[in-house]
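Q: I have a structure open and would like to go through it piece by piece. Can you take my questions as they come?

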Amino acid sequence: MIQRISDILAMIRFSHTVFAMPFALLAAVMAWTAPAPPGVDIRFSWRELLGIVLCMVFARSAAMALNRLADRQIDAENPRTQSRHIPAGVLSVGEVTLFTIACSIGFVASTLLFWPNWLPLALSIPVLLFLFGYSYTKRWTALAHFWLGASLMLAPIAAWIAIRGAAILVDPLDLLPAVTLGAAVLLWVAGFDIIYACQDAQFDRAAKLHSVPSTFGVAGALRIAAVCHALMIGALTLLPVVYPSLGLIYWLGVAAVASLLIYEHAIVRPDDLSRVNLAFFHVNTIVGVGLFVVTTIDLLLW
């Protein structure tokens with residue numbers, strides 16, 4: 001049983017939850033520290049924090065498991081992914097299906113931690129369906145990378161809704177800071193997913209799968225990824241306009257993120273994709289966690 005759990009966690013790359021989790025937690029800190037409308041009580045809650053963590057873990061795990069199920073035949077044909085757990089026979093379709101169902105139920109159940117805020121529960125099924133939809137997008141559109149970005153964009157928006165549901169019902173514009181942060185996440189994820197997909201450009205083209213690299217070539221894809229990341233910095237620059245509590249430490253963090261993204265694009269070239277994993281896993285982990293840390297320090301200490 002322990003080995004099976006270990007295999008499942010490896011299959012869904014559980015450690016990569018770090019990509020979306022920092023932005024959900026950052027949105028939570030922003031939501032707790034932002035002024036509340038008259039008559040609405042918003043304060044830090046351990047129960048809400050637990051709910052955000054559980055919802056993030058269960059939602060991502062369910063989406064990743066379904067992705068592995070949906071792509072199992074494609075993975076078996078792609079030399080880069082033939083060793084993944086389902087095509088290699090390490091895990092069965094039945095086991096992964098049960099895990100997907102269990103995580104989906106866990107996600108919906110975890111939204112009850114925000115009650116009497118009913119919005120998370122009401123939105124839980126639509127959110128799951130949107131996350132699941134990503135697994136099929138590359139079969140019909142090169143915009144699959146942006147669907148993935150939109151899926152992770154939901155992390156800060158959902159966290160904000162979970163904490164400030166009453167404020168949003170009073171004033172829907174209360175959601176604007178979370179949407180702005182979410183836009184930055186969408187562009188960031190789409191950009192680094194385009195870089196990662198450059199490894200499969202030839203295979204995707206031969207298999208008639210849609211992606212930015214298979215459509216525009218690796219060089220063109222890297223330019224599009226660079227534009228996405230430039231726009232991400234633009235969204236982060238806009239965030240203090242709609243959330244004025246951010247100060248100098250936040251701006252230093254944005255400058256650091258910009259520097260890291262420039263480095264990421266400098267080490268990945270059309271004729272040398274050997275450092276894609278370094279750019280994808282290491283640099284982007286620092287971007288997410290680093291921005292969360294510096295912004296939280298800014299909000300809590302200044």
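Q: How many residues does helix H8 have, and how far does it reach from its first C-alpha to its last?
A: This is a predicted model. In it, helix H8 covers residues 176–197, which is 22 residues, and reaches 31 Å from first to last C-alpha. That is close to the 32 Å expected at 1.5 Å a residue.

Q: Is H8 mostly covered or mostly exposed?
A: Mostly covered: 19 of the 22 residues in H8 are buried.

Q: Which residues does UniProt list as "transmembrane region"?
A: The unreviewed UniProt entry lists several spans under that name, among them 143–163, 175–196 and 248–266.

Q: What is the helix content of 143–163 and of 248–266?
A: Residues 143–163 are 95% helix and 0% strand, with end C-alpha atoms 31 Å apart. Residues 248–266 are 100% helix and 0% strand, and their end C-alpha atoms lie 27 Å apart.

Q: Switching to cysteines. How many disulfides are there?
A: The count is zero. Cys-55 is in no disulfide, and the nearest cysteine sulfur, that of Cys-103, is 12 Å away.

Q: Are Cys-55 and Cys-228 buried or exposed?
A: Cys-55 counts as buried at 9% relative accessibility. Cys-228 is buried as well, with a relative accessible area of 5%.

Q: How many salt bridges does a search of the whole structure find?
A: Nine. One of them joins the side chains of Asp-200 and Arg-80, at 2.6 Å from N to O. That pair links distant parts of the chain, 120 residues apart: Asp-200 is in the loop between H8 and helix H9, and Arg-80 is in the loop between helices H4 and H5.

Q: How accessible are Asp-200 and Arg-80?
A: Asp-200 counts as buried, at 10% relative accessibility. Arg-80 counts as partly exposed, at 32%.

Q: What about Arg-164 and Asp-174?
A: Their side chains meet in a salt bridge of 2.8 Å, N to O. Arg-164 lies in helix H7 and Asp-174 in the loop between H7 and H8, so the bridge ties together parts 10 residues apart in sequence. Both Arg-164 and Asp-174 are buried.

Q: Last one: which residues make the nonpolar surface patch?
A: Leu-112, Trp-115, Trp-118, Leu-121 and Leu-169 make a patch of about 520 Å². Leu-121 is in helix H6 and is partly exposed, with a relative accessible area of 30%.

How values were computed
Residues numbered from 1 in each chain as written. Predicted model: local features only at pLDDT ≥ 70, side-chain atom pairs only at ≥ 80, totals over all residues. Heavy atoms only, no water. Disulfide = S-S within 2.5 Å. Buried < 20%, exposed > 50% of the residue type's maximum accessible area, 1.4 Å probe, protein only. Helix = DSSP H or I, 4+ residues; strand = E, 2+ residues; numbered from the N terminus. Expected span 1.5 Å × (residues − 1). Patch = residues over 30% accessible without salt bridge, like charges linked within 9 Å, V, L, I, M, F, W, Y side chains within 5 Å. Areas by Shrake-Rupley, 256 points an atom, 1.4 Å probe, with all protein chains shown as cover. Salt bridge = Lys/Arg side-chain N within 4 Å of Asp/Glu carboxyl O. UniProt positions renumbered as here; feature names shortened; annotations may be inferred.
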